[in-house]
Amino acid sequence: MKKLFGQIVKFGAVGFLCFFIDYFIMVALTELVGIPSFISSACSYTISTVVNYILSITVVFDADKNANKTAQFGIFVVLSLIGLGINQLLMWAGTGWLEGLMDQSSLLAAYSRYAYMVVKIFATAVVMVYNFITRKIFIEKH
């Protein structure tokens, strides 16, 4: 139980760092470059996933040092693609819903273009739980 708690704390720290990488790149691509948030979110997620993989196998999980690194990364990519799908679904549905809700309020209508920023926080939390569980199962040596 103590090891699991330590892993959760490390995973949280890595996740927090990767969230900032993901969020900063998404906002920069959307606000500075003009890329639609749905696309910039996928780009930023991909970059943060690579960082997350490196930190997950070196810092968080007791990865099998003798494992085939190509196969291990392949599993990580497949799990991450599923996570990306969850992220994108939440971004698409959540942003549309929140923008619509904000547009109905005269006080919030001016801020509805920033709805994607709020939704990204929620999507990240959901995907983080998914990532921990699946990586614990598939990456850590048993």
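F11 is buried, with a relative accessible area of 4%; buried means under 20%, exposed over 50% and partly exposed in between, using a 1.4 Å probe and protein chains only. This is a predicted model, in which local features need pLDDT of at least 70 and side-chain atom pairs count only at pLDDT 80 or more, while totals for chains, interfaces and linings use all residues. Residues are numbered from 1 along each chain as its sequence is written, and side-chain values use heavy atoms, with hydrogens and water left out.

The structure holds 8 aromatic pairs. Rings of Phe, Tyr and Trp (its six-membered ring) pair if their centres lie within 6.5 Å; planes under 30 degrees apart count as stacked, over 60 as edge-to-face and the rest as tilted. The ring centres of F11 and F132 are 5.1 Å apart and the planes meet at 70°, so this pair is edge-to-face. Because F11 sits in helix α1 and F132 in helix α4, the pair ties together parts that are 121 residues apart in sequence.

## Other aromatic rings

F132 counts as buried, at 13% relative accessibility. F132 also pairs with F61, and here the arrangement is tilted: 5.8 Å centre to centre, with 35° between the planes. F61 lies in the loop between α2 and α3 (69-103) and F132 in helix α4, so this pair links parts of the chain that are 71 residues apart. F61 is buried too, at 4% relative accessibility.

Another group of rings forms a cluster: ring pairs link F16, F19, F20 and Y23.

## Helices and overall layout

The protein has 4 helices and 0 strands, and its elements run α-α-α-α from the N terminus on. Helices (H or I, at least four residues) and strands (E, at least two) are DSSP runs, numbered from the N terminus. The C-alpha trace spans about 60 × 30 × 20 Å along its principal axes. Of the 142 residues in the protein, 38% are buried.

An unreviewed UniProt entry carries the annotation "domain: GtrA/DPMS transmembrane" for residues 10-139. UniProt positions are given in the numbering used here, feature names are shortened, and annotations may be inferred rather than shown by experiment. Over residues 10-139 the chain is 82% helix and 0% strand, and the end C-alpha atoms are 15 Å apart.

## The largest nonpolar core

A nonpolar core is a set of buried Ala, Val, Leu, Ile, Met, Phe, Trp, Tyr and Cys residues joined through side-chain atoms within 4.5 Å. The largest one has 11 residues, including F19, Y23, M91 and Y116. At least two residues of this core come from each of α1, α3 and α4. Helix α4 gives the largest share, 5 residues.

## The cavity

A search of the whole structure finds 1 cavity of 30 Å³ or more. On a 1 Å grid over the protein atoms alone, a cavity is a set of points where a 1.4 Å probe fits but cannot get out, and lining residues have an atom within 4 Å of a point. The largest cavity holds about 200 Å³ of space; grid points are joined across faces, edges and corners, and a volume is the space filled by probe spheres set on the points.

There are 16 lining residues, and those closest to the centre of the largest cavity are Y45, S48, N52, T124 and N131. Helices α1 (2-33), α2 (37-60) and α4 (115-138) each give two or more residues to this lining, with the largest share, 6 residues, from α4. By type, the lining of the largest cavity has 7 nonpolar, 7 polar and 2 charged residues. Ala, Val, Leu, Ile, Met, Phe, Trp, Tyr, Cys and Pro count as nonpolar, Asp, Glu, Lys and Arg as charged, and the others, Gly among them, as polar.

Terms used
On a 1 Å grid over the protein atoms alone, a cavity is a set of points where a 1.4 Å probe fits but cannot get out, and a pocket is an open set with protein on both sides within 12 Å along at least five of seven lines; lining residues have an atom within 4 Å of a point.
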